[in-house]
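Subject: Structure handover

Hi,

Here is the structure for you to look at.

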Amino acid sequence: MLATIFAFDGVLADTLRLRAHALVDAAAAEQARLDTAGVLALLPGRTLLEASLALFPELATTDPTLPELIALRAQRGFRALVQHGVPLDQRALRRLQDAATRGDRIVVRADSERRDVESLLALAGLETSVSLLRCSDDAPRAPGASLQRSWEAIHMRLSDMGVGMTERTAFESNSKTAETAALFVQVPNVW
């Protein structure tokens, strides 16, 4: 049995740009200026809270609630932007459909929250194709990076299904997230 793992944000769906704009707008509401390109480069593999903490490390020490407030505002702004759907990458969608037709286990790994991702997958008609969905807010929520926790959870589930590392292919949005994927899959690809 084979497994094909797709990053939702930046591979299947054009959500990275929207998440970056939501974070920039949320920071502006607190009179903090962010460069959209800089936020976009930092965002893959991070939750909005992780990105906010990375963008405002000095605020995290002086007023730890402010990066959290920015992340919460960004999450609300992102939900408003995606409530009617997002563009899907047609190449990634075809690759997902081909993998599903072959009988691969389809895994979707998301930096976004489950309630956003599930509804977007449903709008795209993909909910029945996905064998495993791992979102940034899924348990366990232990300390450490959500990207690492997501991959550890995916690894455990696929191992329980009898899908070894050599039977896994992943598509990630950049080299940093692909580097983490390489710890758990045979073939990590940068989309």
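How are α5 and α7 oriented to each other, roughly parallel or roughly perpendicular? Keep in mind that this is a predicted model. The axes of α5 and α7, the latter spanning residues 114–123, cross at roughly 5° and come within 11 Å. Angles under 35 degrees count as roughly parallel, so α5 and α7 are roughly parallel to each other.

On the α5 side, the contact uses Gln-75, Phe-78, Arg-79 and Val-82. On the α7 side, Arg-115, Asp-116 and Leu-120 take part. By class, the residues of this α5–α7 contact are three nonpolar, one polar and three charged.

Next, α1 against α5. Helix α1 covers residues 16–28. The axes of α1 and α5 come within 8 Å and cross at roughly 135°. These two helices are therefore oblique to each other. Their crossing is right-handed. From α1, the contact draws on Leu-18, Arg-19, Ala-22, Leu-23, Ala-26 and Ala-27. From α5 come Ile-70, Arg-73, Ala-74, Gly-77, Phe-78, Leu-81 and Val-82.

The largest pocket holds about 380 Å³ of space. It is lined by 18 residues. Closest to its centre are Thr-47, Leu-48, Leu-49, Glu-113 and Asp-137. The lining has eight charged, six polar and four nonpolar residues.

Which helices each supply at least two residues of that lining? They are α3 (48–55), α5 (65–82) and α8 (146–160). The most comes from α5, with four residues.

Best wishes

Note on methods
Residues numbered from 1 in each chain as written. Predicted model: local features only at pLDDT ≥ 70, side-chain atom pairs only at ≥ 80, totals over all residues. Heavy atoms only, no water. 1 Å grid on protein atoms, 1.4 Å probe; cavity = no way out; pocket = protein on both sides within 12 Å on 5 of 7 lines; lining within 4 Å. Points joined across faces, edges and corners; volume = space filled by probe spheres on them. Nonpolar A, V, L, I, M, F, W, Y, C, P; charged D, E, K, R; others polar. Axes fitted to C-alpha atoms, helices over the stretch in contact; angles between N-to-C directions. Parallel < 35°, antiparallel > 145°, perpendicular 65-115°, else oblique. Left-handed = near helix turned anticlockwise from the far one by under 90°. Contact = heavy atoms within 4.5 Å.
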